[in-house]
Each structure stands twice: as C-alpha cells, then as structure tokens.
Amino acid sequence: MSTDRRDGVNRGLAPRTYGQGERPPRGDYARARQDFTCEQRWQDYTPAEHALYERLYARQLAQLQGLACPEFIDAVEQLGSPTHIPRLDTVSSRLERTSGWRLVGAPGLIPEEAFFALLAQRRFPVTDWMRRPEEFDYVVEPDIFHDLFGHVPLLFNPTFADYMQAYGMGGLKAARLGACELLARLYWYTVEFGLINTPAGLRAYGAGLLSSAGELHHAIVDPAPQRLAFQLERLMRTRYRIDRYQASYFVIDSFQQLFEATALDFAPLYERVRSLPALEADSILPDERHYAAARRCLSTSVITPG
Ligand SMILES: [Fe+2]
C-alpha cells in the first residue's frame, strides 16, 4: 500500500510505498485498470517461474504442521496443484462458492484507498509477478507466492473472510479520518503477522508468517519475541518494523473475537490512540498478558500436496 494518489485511481505509474528502497515498486502499472486490477497473463509465466513456485510451496507446506492454524492447513489445498502457479480465475471460482470472495490480479503494491475499496467489495488483489530465483528466501515486496499461499487459504474461512471485508470498509473510513497509519498496524499485526491460541497451542494465521521461510518458526517457537494477548488499543499504539522479524506478536482466541473487536466504530479509538505516546515494536509494559513460546510438536503426520 502507499500514501500518495489519495483518490486511489491508477494513472499508469507505480505508487510510492512505505519503507526505504532504492527502486520504485516492481510491476507494470501502465497495463492496470483504473482500480489497479489487471489481467493475470498466466500464459506469460516461464517454466522456471512455475518451478520456483513449486519449490516455494513445498518448503512452506513442510513447515505448517504444528505452526500454522488448522483452518489454514485445511484450506491450503484449495490453491490447486502445487506444481505450477495457479490461475486466479480457477481459485476464484472455488473461493466464490465458499465465501463469496474473488481474486483479482494486480501489478504490485497498490494505494491504500484502492486496496480498501477492493477488500470492501470482497475482491482480493494478488500481485501477478513471481519473485526472482535469488529472492527464494526473501522478497521485499509481496509477489504472487506471498499473496496466494499466504493470504488466500484463510479467505475460505467465512469468519475471517468477513473480517477482511470489514477491514476494507474500515479502511475507507480511516482514509477520511486521516487514520490509515493506525489502521495499517491492525492489518500488520493480524492479517500479516497474527497468532491464534488453539487447543493444541499457539499457531500462526498471518500471511507474512505463513509464507516466510524463517519467521514462522520464530513466531511460534523462539523464546525471544513477546506474544501479547490481542488488545486493540495496545496494538494500534505499537509501531512495527518491516526489515526484521517482529519483536511482538498479538494473539487472538478466535476469528470471531477478531471480527467482533473490529466491528466497532474506530473514530473514538483513533482519538484515544493519538492522545497516547506510540510504542516501539519491542516495548514491554507492566501487567500485560503474555503467551509462552510453543514447544514444537514433532508430529509424524505429513501434509500431502493438493
Ligand atoms: Fe501480505
């Protein structure tokens, strides 16, 4: 997401993005529509790109047991064959039948208001380009693997799907209230890096974790980061870093809790948060409820590719 182009209309140029970088966002914005969506051009993927997707998929799939939430594990096969980059239309058909969401192609990061507007219409923008082989372990911007593997399985969960739409609608309001930075923290600490407490222990549901080679394990098992019970005001006060593993994660009890907590009118909350000092990502406050790191369950069960 970016902060310029407040009207959220594509004019053929890449948006400015958050964070430091040496180059503009990747992607061909000239071919995107006014709402920043574009055709996937599936036929243009090379055999090497399909093979890279297959390697990324296999690596992440092997990590999921004991670290990913069961809703994600149950739905990941909905992406279809792991041997090639999926066609968005095919996945969309399955998704629409389950939760009423559709996937749309995007040239890359898109401005906030355009992004919120798509979510509010239950349309999820998926970057259509694949990272380069040398970016196998880390890619700065979200590519098609991150967007599909990380985000799409949970869109099959009806409650989480409703939360995503509510987030988009809240984003349109936040843009009018000048509160996008605060709302972006909610997206970061839930949709991208959220943890959930399950009967089997802590698990990840955030796409940034589930599509990451190393942070998934760090978030669940490593004793270093703090894992705080989800508390909206605390979360919105907490800055985040995009260039390292997170120092703090927020733990929900259920997707229903997340949906209900964010169904409120955020205007008074934004006012309150603005009146308080922001907190650094690693801030430790007294009397907060923490979760301990999970002990990795060395299950012998294997998830088979769909
Ligand atoms: Fe993402």
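Predicted model: local features only at pLDDT ≥ 70, side-chain atom pairs only at ≥ 80, totals over all residues.
Which residues does F72 touch, not counting residues up to four places away in sequence?

View 1. With residues up to four places away in sequence left out, F72 touches P153, L154, Y205 and L210. F72 is also among the members of the largest nonpolar core that touch the most other members.

**View 2. The largest nonpolar core.** This core holds 81 residues, and those touching the most other members are F72, L103, L155, A204 and L210. Helix 5, residues 144–155, gives the core its largest share, 7 residues.

**View 3. Helix 4 and what covers it.** Helix 4 spans residues 112–120 and is mostly covered, with 8 of its 9 residues buried. The buried residues are E112, E113, A114, F115, F116, A117, L118 and L119. Their cover includes two strands, strand 1 (102–106) and strand 2 (123–127). It also includes two helices, helix 6 (158–177) and helix 7 (180–192). After helix 4 comes R122, which has a positive phi near 55°.

**View 4. The pairing of strand 5 with strand 7.** Strand 5, residues 226–229, runs antiparallel to strand 7 and is joined to it by 2 bridges. Within this pair, L228 stands opposite H290 of strand 7.

Methods:
Residues numbered from 1 in each chain as written. Buried ≥ 20, exposed ≤ 12 C-beta atoms within 10 Å, placed from the backbone. Helix = DSSP H or I, 4+ residues; strand = E, 2+ residues; numbered from the N terminus. Contact = placed C-beta atoms within 7 Å. Core = buried A, V, L, I, M, F, W, Y, C linked by C-beta atoms within 7 Å. Pairing = 2+ DSSP bridges.
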